[in-house]
Amino acid sequence: MEWIIFFNFTKKTHIMLSKNIEAALNKQIRIEAESSQTYLSMACWAEVHGLEGIAQFMYTQSDEERAHMLKLVKYVNERGGHAQITDLKAPKTSYSTFKEMFEALYNHEIFVSESINELVHITFEEKDYATHNFLQWYVAEQIEEEATAKSILDKINLIGDDKGGLYLFDRDIQQLTVQALSLLTQNKKVKVYLEYLKITLFFYICLC
Ligand code: FEO
């Protein structure tokens with residue numbers, strides 16, 4: 001019992017989330033988790049239909065959505081709330097065409113953007129400016145994801161039913177995914193290097 005009390009005293013002391021904001025953030029956690037499952041299901045559909053590039057793109061999207069969910073989970077727990085991990089709505093498992101699948105992806109991203117906007121609105125109403133600020137990352141991310149989905153759909157509309165076009169599209173989207181992952185890794189390496197420099201500088205200042 002004593003150690004629980006001690007632990008509570010050592011917890012960060014910034015303002016806790018209101019119950020309303022906590023519930024709204026938990027709803028978003030669930031949406032991000034369902035997004036991850038939806039794109040994982042799309043990846044499987046593409047893979048079994050021989051669309052390797054599209055499958056790779058969808059696997060990466062699924063991982064990104066999980067990262068979005070985890071970022072929210074950590075935030076809720078660190079602000080004195082309790083992130084709720086619940087059961088999820090089962091995603092659709094098959095599509096008539098890959099165009100239908102990308103239309104579903106685009107519409108899903110619009111739905112997520114609306115949900116984020118609603119969340120931002122609630123934080124504003126409740127004057128929770130810390131959460132309002134935290135959510136700006138999601139606002140920017142959604143603009144980017146909607147734009148990507150829209151530009152992919154535009155390309156698909158250009159291809160139409162052309163099988164050769166589909167082959168090239170699948171190859172191009174694979175290259176794009178590999179390039180994006182490589183950029184991400186490079187950025188992570190730069191961040192690790194900057195952290196290393198910061199620590200070295202700190203010790204240097206302490207020793208001088
Ligand atoms: Fe995290 Fe694209 O929704």
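1. Bend in α5. In this predicted model, helix α5 bends by about 25° at L135. The helix has 31 residues, and its first and last C-alpha atoms lie 45 Å apart, close to the 45 Å expected at 1.5 Å a residue.

2. As background, an α-helix has 3.6 residues a turn, so residues three or four places apart point the same way. After the helix comes G160, with a positive phi near 65°.

3. T131. This residue lies in α5 and is buried, because 22 other C-beta atoms fall within 10 Å. Leaving aside residues up to four places away in sequence, T131 touches I21 and T123. I21 of α2 and T123 of α4 both belong to the contact between those two helices. T131 and V120 are eleven residues apart in sequence, and their C-alpha atoms are 8.1 Å apart in space.

4. K127 is found in the loop between α4 and α5. Its phi is positive, about 55°, although K127 is not a glycine. K127 counts as exposed because it has 8 C-beta neighbours inside 10 Å, and the exposed class takes 12 or fewer.

5. α2 against α4. These two helices pack at an angle of about 170°, with their axes 11 Å apart. They are therefore roughly antiparallel to each other, since angles over 145 degrees are classed that way. On the α2 side the contact is made by N20, I21, A24, Q28, I31, S35, T38, M42, W45 and A46. On the α4 side it is made by F98, M101, L105, H108, V112, S115, L119, I122 and T123.

6. M42. Which residues does M42 touch, not counting residues up to four places away in sequence? They are M58, M101 and L105. M101 and L105 are among the α4 residues in the contact with α2, and M42 itself is found in α2. With 28 C-beta neighbours inside 10 Å, M42 counts as buried. The C-alpha atoms of M42 and P91 are separated by 8.9 Å, although these residues are 49 residues apart along the chain.

7. Spans of α2 and α3. Helix α2 has 30 residues and reaches 44 Å from its first C-alpha to its last, close to the 44 Å expected at 1.5 Å a residue. Helix α3 has 27 residues and reaches 39 Å, close to the expected 39 Å. Just after α2, G50 takes a positive phi of about 75°. G80 follows α3, and its phi is also positive, near 85°.

8. Largest nonpolar core. This core has 16 residues. Those touching the most other members are L25, I29, M69, L72, V73, V76 and I116. Two or more residues come from each of α2 (19–48), α3 (52–78), α4 (98–125) and α5 (129–159). Of the elements, α2 gives the most, with six residues. V73 touches I29 and A83, with residues up to four places away in sequence not counted.

9. Whole chain. The protein chain has six helices and zero strands, and the order of elements from the N terminus on is α-α-α-α-α-α. Buried residues make up 23% of the 208 residues. Among contacts with a separation of 6 or more, 76% join residues 24 or more positions apart.

Note on methods: Residues are numbered from 1 along each chain as its sequence is written. This is a predicted model: local features need pLDDT of at least 70, side-chain atom pairs count only at pLDDT 80 or more; totals for chains, interfaces and linings use all residues. A nonpolar core is a set of buried Ala, Val, Leu, Ile, Met, Phe, Trp, Tyr and Cys residues joined through C-beta atoms within 7 Å. A residue is buried if 20 or more other C-beta atoms lie within 10 Å of its own, exposed if 12 or fewer, and partly exposed in between; C-beta atoms are placed from the backbone. Helices (H or I, at least four residues) and strands (E, at least two) are DSSP runs, numbered from the N terminus. Two residues are in contact if their C-beta atoms, placed from the backbone, lie within 7 Å. The expected span of a helix is 1.5 Å times one less than its number of residues. The bend at a residue is the angle between axes fitted to the seven residues ending there and the seven starting there. Axes are lines fitted to C-alpha atoms, for helices over the stretch in contact, and angles run from 0 to 180 degrees between N-to-C directions. Angles under 35 degrees count as roughly parallel, over 145 as roughly antiparallel, 65 to 115 as roughly perpendicular and the rest as oblique.
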